[in-house]
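The following exercises are to be worked with the sequence and the coordinates at hand. Each task is followed by a solution in steps.

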Amino acid sequence: MKTQDLSEREKIRLRRQERAHWAGFGRIVITVFVLWHLFALVVWAMSGSSELSRQCMVVVRPYMTLTGFNQGWLMFAPEPYKRNINVEARVHYADGTERSWTYPRMEELPYEERYRSERYRKYVEVAHQEGYSYLWHSMALYAARVNNDRPGSPPVVVELVRHFRTLPDLEKSPPDTPLPPMETYKFYTIPIRPEDLR
C-alpha cells in the first residue's frame, strides 16, 4: 500500500514538474515575441530615419506587412496627404449597357457604416498607385462580381477609372479658395470571362 502511495505521489510530482517546465518555456516564448513585436513597432515608427533603421526595416517589413501592423504616417507628417482620390469601376454588360460603380467613399456613408467600410478607403488609397498595379486585376474582378446581378447579361469588361484632385495648401491659400475640379484617368481595363464571376 505504501509503495502504491509513493508511486502515485511520484506521478503527481512528475506531472507538476512537467507543467512547470512547459509554463517556463511558454513564458520565454511569449517574452521573446513581445520583445520582437516592440522592436518591430519601434523600427517601423522610425520609418527609415537612419541607416540602422533602414537595415532593420528589411527584417521587420515582412512581419509588419503580413500581420497588418504596417501603419503609414503620411497622413500626419511631415507633409499630410493632399490628394482626394476615388476609384470608379465602369462595368460593361453583355447586352451593351454600362454601369458606374464606385468603391465605398466615407464622406457618402452614414456614420455607423463608415467604421465597417473604412478598409475600402485605405485599400483604394493605396491600390490605385502604379507601384501596386498587381492589385488592379483583383480590383476589377471584385467590381465585376459585385455587379453581376443581371440575369442573362453578365459583365464582359471592367474599366478602372481614377478620379482625383490635389487639395490647395491651407497655409498658402486663402480660406475661400475653391477646390480644383476632379481629374479623371482610366488606368486599367480587363475583359471578364464567365469563370471570373465565380
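## Exercise 1: The hairpin

In the hairpin of β1 and β2, four residues lie between the strands, and Gly-96 among the residues of this hairpin takes a positive phi near 90°. The model is a predicted one.

Task. Determine how many bridges join strand β1 to strand β2, and which residue of β2 is the bridge partner of Val-91.

Solution. Step one is to locate the strands: β1 covers residues 83–93 and β2 covers residues 98–102. Step two is the pairing itself, in which the two strands run antiparallel and are joined by five bridges. Step three gives the individual pair: Val-91 has Arg-99 as its bridge partner.

## Exercise 2: A glutamate in strand β3

Task. Is Glu-159 buried or exposed, and which residues does Glu-159 touch?

Solution. Begin with position: Glu-159 is in strand β3, which spans residues 155–166. With a relative accessible area of 13%, Glu-159 falls under the 20% limit and is therefore buried. Next, list the neighbours, leaving aside residues up to four places away in sequence: Glu-88, Ala-89, Arg-90, His-92, Lys-186, Tyr-188 and Thr-189. Finally, examine the charged neighbour Lys-186, with which Glu-159 forms a salt bridge whose closest N and O atoms are 3.4 Å apart. This pair connects strand β3 with strand β4 across 27 residues of sequence. Lys-186, at 45% relative accessibility, counts as partly exposed.

## Exercise 3: Two partners of Arg-162

Task. Which ring does the charged end of Arg-162 sit over, and which residue meets the side chain of Arg-162 in a salt bridge?

Solution. The ring is that of Phe-187, with the charged end of Arg-162 4.5 Å from its centre. The salt bridge is made with Glu-130, at 3.6 Å from N to O. Glu-130 is in the loop between α3 and α4, while Arg-162 is in strand β3, 32 residues apart. Arg-162 is buried, its relative accessible area being 9%.

## Exercise 4: Aromatic rings and helix α4

Task. Classify the pair formed by Tyr-103 and Tyr-120, and state which elements the buried residues of α4 pack against.

Solution. The structure contains eleven aromatic pairs. For Tyr-103 and Tyr-120, the ring centres are 6.4 Å apart and the planes stand at 50°, so the pair is tilted. Tyr-103 lies in the loop between β2 and α3, and Tyr-120 lies in helix α3. Both count as buried, Tyr-103 at 3% and Tyr-120 at 17% relative accessibility. The two tyrosines form one aromatic cluster together with Trp-101, Tyr-123 and Tyr-142.

Turn now to helix α4, residues 136–146, where Trp-136, Met-139, Ala-140, Leu-141, Ala-143 and Ala-144 are buried. The buried residues of α4 pack against β1, β2, α3, β3 and β4.

Terms used
Residues are numbered from 1 along each chain as its sequence is written. This is a predicted model: local features need pLDDT of at least 70, side-chain atom pairs count only at pLDDT 80 or more; totals for chains, interfaces and linings use all residues. Side-chain values use heavy atoms; hydrogens and water are left out. Two strands pair if DSSP finds at least two bridges between them. Buried means under 20% relative accessible area, exposed over 50%, partly exposed in between (1.4 Å probe, protein chains only). Contact means heavy atoms within 4.5 Å. Rings of Phe, Tyr and Trp (its six-membered ring) pair if their centres lie within 6.5 Å; planes under 30 degrees apart count as stacked, over 60 as edge-to-face and the rest as tilted. A charge sits over a ring if NZ of Lys or CZ of Arg is within 6 Å of the ring centre and within 35 degrees of the ring normal. A salt bridge is a side-chain nitrogen of Lys or Arg within 4 Å of a carboxyl oxygen of Asp or Glu.
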